[in-house]
Amino acid sequence: MWKTLLCQKPQKSEQWVDIIPNHKPHRKNGRFRVVSYNILARWKASSPMYSYSPPDCIIWDNRSKAILDNIKSFEADFICLQEVDEYISFFDRNMEAHGYTGIYFQRGEGYKRDGCAIFFKPKFAELITYNIVDYNNLAERRCVASTISGDAVSKLKCDCIGILAAFKILKPFNHVVIIATTHLKSGKPDEWDDVKLAQAKSLMFELAMFKRTISAVENCSPSVILAGDFNSNPSSDVYEYINSDNIPVMWPLGGEEEENEFGLCSAYGFTRGEPNFTKYVPGFAETLDYVFFMPSDFISPMKLLDSPDVVDFLPNKSHPSDHLPIGVEFEINRNILL
């Protein structure tokens, strides 16, 4: 259920709330915050589909300032953004001014000029390396194309991407964490569910290989956090696949599947339950955004980013995107790492 903190004041911004009430962190344990936010691309917001929103809520100068104010208020260490189409002109310099460095990749050309980004604070974490996952490459894999209904090649070449990045948290004890983000294909479930599932399987395959590489190079057991817009609700095949232990290492190379290297679970679903929705537009209110993590003795979710009641369709004067941000504060267990 969507947990509302300030029901009497729905215009208040998002708040961090304890998963365990009144829990006090161990003084030697470190914490870090990860936020995921589909900010609604500038080119997309200007389309007729958002004519229901007040004009002032669509103007980029207004929305960009509101988005930046939101991001600053999160006080997050890692920020995963989707639908970023003003990276050079706005986000790169403005985020740098607030202590962040970014990794960005555009998902397509022409009018699809938005992409995904991961921002981090260099004073808090050191970037080790990163990889880009281009789901267009799935069209070249026959074993994948055979699972897609209709024109598999054109459906799989839909300009969706993911970013995998490995970081070493500098304080207090150099823990390595993999932060990944993605934006899967949008569209009607009966038409695109097979494509979304193929993208999710590809992402998890790449994430497993990336984790294996980082583990070997850094001689460590990295934590894994995957956050983004999956365009899939909690009853979907995509959610069930990622939120399980059924991650095959060999997919999509063909052949026999090996035992999975790790399983992920949703931080919200694992603790207090998924929100009632993360996207709210006329005729549509669904949870599509998630923060998944690899359960382990190394990190534990301690706080969630909660939103107040939303009374108007998104975007509106209080929320500059058609999605709501989500976030998790994790605690690193010092005793396990030493």
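## The largest pocket

Four elements, α1 (42-45), α6 (189-218), β11 (279-281) and β12 (284-286), each put at least two residues into the lining of the largest pocket. Of the elements, α6 gives the most to that lining, with three residues. Keep in mind that this is a predicted model.

How much space lies in the largest pocket? About 710 Å³. Its lining runs to 37 residues, and K44, S186, G187, N231 and K279 are the closest to the centre. Sorted by class, the lining has 13 nonpolar, eleven polar and 13 charged residues.

## The overall fold

Stepping back to the whole protein, the secondary structure comes to nine helices and 15 strands. There are 338 residues in the protein, and buried ones make up 55% of them.

Now for how the chain meets itself. Take the contacts with a separation of 6 or more: residues 24 or more positions apart account for 75% of them.

## The nonpolar cores

The largest nonpolar core holds 54 residues. Which of its residues touch the most other members? They are F32, F78, F91, F167 and I225. There's also a second, separate core of 40 residues, with C158, L184, L203 and V224 among them.

F167 is worth a click in the viewer. Setting aside its neighbours within four places in sequence, F167 is in contact with F78, I103, I118, F120, A125, E126, L127, I128, H175, V176, V177 and I179. One of those partners, F78, is also listed with F167 among the residues that touch the most other members of the largest core.

## A closer look at N316

N316 sits in the loop between β14 (299-306) and β15 (326-332). Is N316 buried or exposed? Its relative accessible area is 9%, and the cut-off for buried is under 20%, so N316 counts as buried.

What does the side chain of N316 reach? On one side of the story is the backbone nitrogen of S318, at 2.9 Å. A polar atom of the N316 side chain also lies 3.4 Å from the backbone oxygen of F313. Both distances fall within the 3.5 Å cut-off for a polar contact.

Leaving aside neighbours within four places in sequence, N316 is in contact with C57 and V310. To sum up this spot, N316 is a buried residue in the loop between β14 and β15, with its side chain reaching the backbone of S318.

Note on methods:
Residues numbered from 1 in each chain as written. Predicted model: local features only at pLDDT ≥ 70, side-chain atom pairs only at ≥ 80, totals over all residues. Heavy atoms only, no water. Buried < 20%, exposed > 50% of the residue type's maximum accessible area, 1.4 Å probe, protein only. Polar contact = N/O pair within 3.5 Å; in protein donor to acceptor, adjacent residues only side chain to side chain. Contact = heavy atoms within 4.5 Å. Core = buried A, V, L, I, M, F, W, Y, C linked by side-chain atoms within 4.5 Å. 1 Å grid on protein atoms, 1.4 Å probe; cavity = no way out; pocket = protein on both sides within 12 Å on 5 of 7 lines; lining within 4 Å. Points joined across faces, edges and corners; volume = space filled by probe spheres on them. Nonpolar A, V, L, I, M, F, W, Y, C, P; charged D, E, K, R; others polar.
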